[in-house]
Amino acid sequence: MTPSNAAQVCLVEDDEIMGESLVDRFELEGFRCDWHRSAQAAASDLKEKRYDVVVSDIRLPDCDGDDLFEQLQGEQLYVPPWIFITGYGTIERAIALMKLGAADYVTKPFDLDQLVAKLRAHIPESPHDERLPTLGLSAGMQRIENMLPRLAGQATTVLITGQSGVGKEVVAREIHRLDKQRAGRPFIAVNCGGIPENLLEAELFGHERGAFTGAVRLKHGLLEQANGGTLFLDEIGDMPLAMQVKLLRVLQERTVTRLGSEQSVAVDFRLICATHRDLKKLAEQGTFREDLFYRVNVVHLRVPPLRERPEDILWYARRFLREVAQQNAGPQKALSPGAEKALLNHLWPGNVRELRHCIERAYVLTPGNTLDPQVLFDEEQACGDCGVTVNCLGVERPTLSNCLEECERQYLLQELTRCDWQMTRTAAAIGISRKNLWERLRRLKLTLPARVLRQVDQQTPAD
């Protein structure tokens, strides 16, 4: 029996054999399915019920599926993600419909597994349907996702590694959400590289009133606030050594002592650490405590960069388009075939975070319902496609290393400009430490604008 809170599919198909086959498969996959044999019946239902996705044949007895789609759009009603079933001779019509906002299409004869995969890719995220992918469609992300329920129930310490922007915090929050005991408790996220060293201890441990100048009231630290829930230490590789010692003591004793206090407070939280750095190598170099490394490296999840999982790119892009439309109470928009190709060709040095910014920008700049490749990347970002005509570094055919370096340079320039060249703010926005940002600027030999040189010089960390 299909659960009442499962995703709802509206099927518009006049062929009895085809319709019956699709209904059976959809229900086996855990979807609820309403089957309509005519466009008129579907239109009436779509105006009264909110479906998660529509699967419609183009050729229908009373009104073609594309006419039904355009009619609902014209009435400014909510139109769910729409997947067309088309014969060979109507592929051009299906592509034209995608330009008008349709989500996807399949061509007869089609593979049922392929259609189901497209359904799952286009159905909006649903907290009550854990069968829908939440991290991606790629095999790598599916492996991680399949591990999370077990980790949520058993693992008290998890280490997540991966490049900046791959979604390490998303994975951490999913572990927290899946834990039935801790899900209703706090999820406390701390960027270890984003808090100045002289303030980090007070932020983590809290303080009593009068513990130091300016401590006018008692403050519960972040470690204490995470009690009963999850503590997420992002970029733990940037945590100062002195603070690593104190964190290790907390993990061993499961107690916290506020600054200015002699009384310890018991704490119980799941610890999830994340970093883009190689903690083992840092431990060998003496910049990360070896005992702390073994303490946090109980269960290790590596989140691959987006360029290693291209099958996730369009899935994320469509998901972000839906989210942006919902946040702005705007129309649903779709990617043109050219836009899809441009997204797949891009190197994504900023990973999922860069993709999200790209989609948000393109949505705002697109007056119609279809995103074209021209609005996805500005002139500076276009070098990331690294096609034959691209000249990343004045070379006709740049190497992958050349392109990655140039993409990183342009990405940093874009984010620095967006954050008005404030180093701490920029580092936090792109998910790295301020020190790491400076190291990248030096390595890439980025020249700072004259207007900010004086204030930047004052903020530069000592070598």
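These legends accompany close-up views of a predicted model.

**View 1. The chain as a whole.**
The predicted chain holds 19 helices and 16 strands. Of its 463 residues, 51% are buried. Contacts between residues at least 6 apart in sequence were sorted by separation: 67% of them join residues at least 24 apart.

**View 2. An open sheet of five parallel-paired strands.**
The strand order is S7-S10-S13-S6-S14. Pairing in this open, five-stranded sheet is parallel. Strands S7 (187–191) and S14 (300–302) form the edges. Each has a single partner strand, so one side of each lacks a neighbour in the sheet. On average, neighbouring strands are turned by 20 degrees against each other, direction ignored.

**View 3. The pairing of S6 with S13.**
Strand S6 covers residues 157–161, and strand S13 covers residues 270–275. The two run parallel and are joined by five bridges.

**View 4. Phe232 in strand S10.**
Phe232 belongs to strand S10, which spans residues 230–234. Its relative accessibility is 0%, so Phe232 counts as buried; the cut-off for that class is under 20%. Leaving aside residues up to four places away in sequence, Phe232 touches Lys168, Glu169, Ala172, Phe187, Ile188, Ala189, Val190, Ile272 and Ala274.

**View 5. Helix H8 against helix H10.**
Helix H8 comprises residues 197–205, and helix H10 comprises residues 241–253. Their axes come within 11 Å and cross at roughly 15 degrees. Angles under 35 degrees count as roughly parallel, so H8 is roughly parallel to H10. The crossing is right-handed. H8 contributes Leu200, Glu201, Leu204 and Phe205 to the contact. H10 contributes Met243, Lys246 and Val250. By class, the contact residues are five nonpolar, no polar and two charged.

Conventions
Residues numbered from 1 in each chain as written. Predicted model: local features only at pLDDT ≥ 70, side-chain atom pairs only at ≥ 80, totals over all residues. Heavy atoms only, no water. Helix = DSSP H or I, 4+ residues; strand = E, 2+ residues; numbered from the N terminus. Buried < 20%, exposed > 50% of the residue type's maximum accessible area, 1.4 Å probe, protein only. Contact = heavy atoms within 4.5 Å. Pairing = 2+ DSSP bridges. Axes fitted to C-alpha atoms, helices over the stretch in contact; angles between N-to-C directions. Parallel < 35°, antiparallel > 145°, perpendicular 65-115°, else oblique. Left-handed = near helix turned anticlockwise from the far one by under 90°. Nonpolar A, V, L, I, M, F, W, Y, C, P; charged D, E, K, R; others polar.
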